[in-house]
Amino acid sequence: ATLEEDLRIALQDKQFILHYQGQFTSESKLTGAEVLVRWKHPEQGMMSPALFIPFAEESGLILPIGNWVLETACNQLAAWGKLPNMRKLVLAVNVSALQFRQPDFIETVLAIIERSGANPHRLKLELTESMLVENVDDIIQKMLTLKAHGLGFSLDDFGTGYSSLSFLKRLPLDQLKIDQSFIRDVHSDPNGAAIAKTIVSLGKSLGLNVIAEGVETSEQREFLANAGCFAYQGYLFSRPLAIQDFEELAMGAL
Ligand code: G
Ligand code: G
Ligand code: MN
Ligand code: NA
């Protein structure tokens, strides 16, 4: 079978699952998670989205897959809404360019939220710079509409694209996510360290929350804290976890 056929079957047979990677404050308090899709392939085992998302984007299958991800994340949020330890957690969902560009993107997102009963204030959408360069006014309008319903926006992989500062300033973002390539270099490369520091202060001067991604060592964490970054995601804190493991983590059992 072709990859496209396999992906269609995967959708039908519910072969996708979500993993949850915690996001933490400088006091190591859990504030939420990024939702990361995996494909439980019947023959090849757990398959990374890095392998199938690009193809899903090309074939358009990212639309039903993306809807499934959003719906599953929203159902989770709705279930957590009833649990004291979980109800403040925010879920960050990756949105691909093709999804965001759909004329009915807003209606689709709002319908999923409505159906699930999730609190929209607990939902954050992760966008990347490359998807925001065309039709900027239209993009801003879409973001504003969803923000009016309570959703937040994070700019993923920040620093790897080509955003100008004036462009960044126009976007109604809530958060910048420093790309892990800069975090990795913080102690090996003075330029990496300078870039990470610059992104933190840039984000702050734009009034945005800044989160560092791919934090693996306590040295990196310390460097970031000194630079004024107080939100972290990375293996030092937690790997992406299956739902049961993530819930245990959130309940303080891990
Ligand atoms: O989870 P990580 O292991 O390997 O993810 C690899 C890539 O796949 C990352 O770039 C991540 O943003 C992307 N990704 C993970 N989950 C989703 C998803 O639900 N939708 C989209 N569009 N991308 C995702
Ligand atoms: O592109 P995006 O930023 O959405 O994808 C996040 C990716 O980063 C996922 O593939 C996730 O598994 C990976 N990731 C998260 N934390 C770490 C980390 O501490 N180290 C490394 N190497 N990868 C990480
Ligand atoms: Mn992401
Ligand atoms: Na990222």
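Is Lys14 buried or exposed? Lys14 is exposed, because 10 other C-beta atoms lie within 10 Å of its own, where the cut-offs are 20 or more such atoms for buried, 12 or fewer for exposed and anything in between for partly exposed, with C-beta atoms placed from the backbone. The structure is a predicted model, in which local features need pLDDT of at least 70 and side-chain atom pairs count only at pLDDT 80 or more, while totals for chains, interfaces and linings use all residues. Residues are numbered from 1 along each chain as its sequence is written, and chains are lettered from A and ligands numbered from 1 in the order in which they are written.

**Backbone angles**

- Although Lys14 is not a glycine, its phi is positive, at about 55 degrees.
- Asp157, which belongs to strand β6, likewise has a positive phi, near 55 degrees, in a residue other than glycine.
- Asp157 counts as partly exposed because it has 17 C-beta neighbours inside 10 Å.
- Most residues other than glycine have a negative phi.

- Strand β6 (residues 152-158) is largely enclosed by the rest of the structure, because 6 of its 7 residues are buried.
- Strand β5 (residues 123-128) runs parallel to β6 and is joined to it by 5 bridges, and two strands pair if DSSP finds at least two bridges between them.
- Between β5 and β6 the chain passes through helix α6 (residues 136-148) in a right-handed β-α-β crossover, a term meaning that, with the strands pointing away from the viewer, the path from the first strand over the helix to the second runs clockwise.
- The bridge partner of Thr128 in β6 is Asp156.
- Strand β7 (residues 175-178) is also parallel to β6, with 3 bridges joining them, and the chain reaches β7 from β6 through helix α7 (residues 165-170) in a crossover that is right-handed.
- The bridge partner of Leu155 in β7 is Leu176.

**Ligand surroundings**

- Ligand 1 is surrounded by residues including Leu36, Val37, Ser48, Asn94 and Pro240, a residue being near a molecule if its C-beta atom, placed from the backbone, lies within 6 Å of it.
- The shell around ligand 1 has 7 nonpolar, 4 polar and no charged residues, where Ala, Val, Leu, Ile, Met, Phe, Trp, Tyr, Cys and Pro count as nonpolar, Asp, Glu, Lys and Arg as charged, and the others, Gly among them, as polar.
- The largest share of the shell around ligand 1, 3 residues, is supplied by α2.
- Around ligand 2 there are 14 residues, of which Asn94, Gly214, Glu216, Gly234 and Tyr235 come nearest, and this shell divides into 4 nonpolar, 6 polar and 4 charged residues.

- His19, in strand β1 (residues 16-25), is partly exposed, with 19 other C-beta atoms within 10 Å.

Definitions and conventions:
Helix = DSSP H or I, 4+ residues; strand = E, 2+ residues; numbered from the N terminus.
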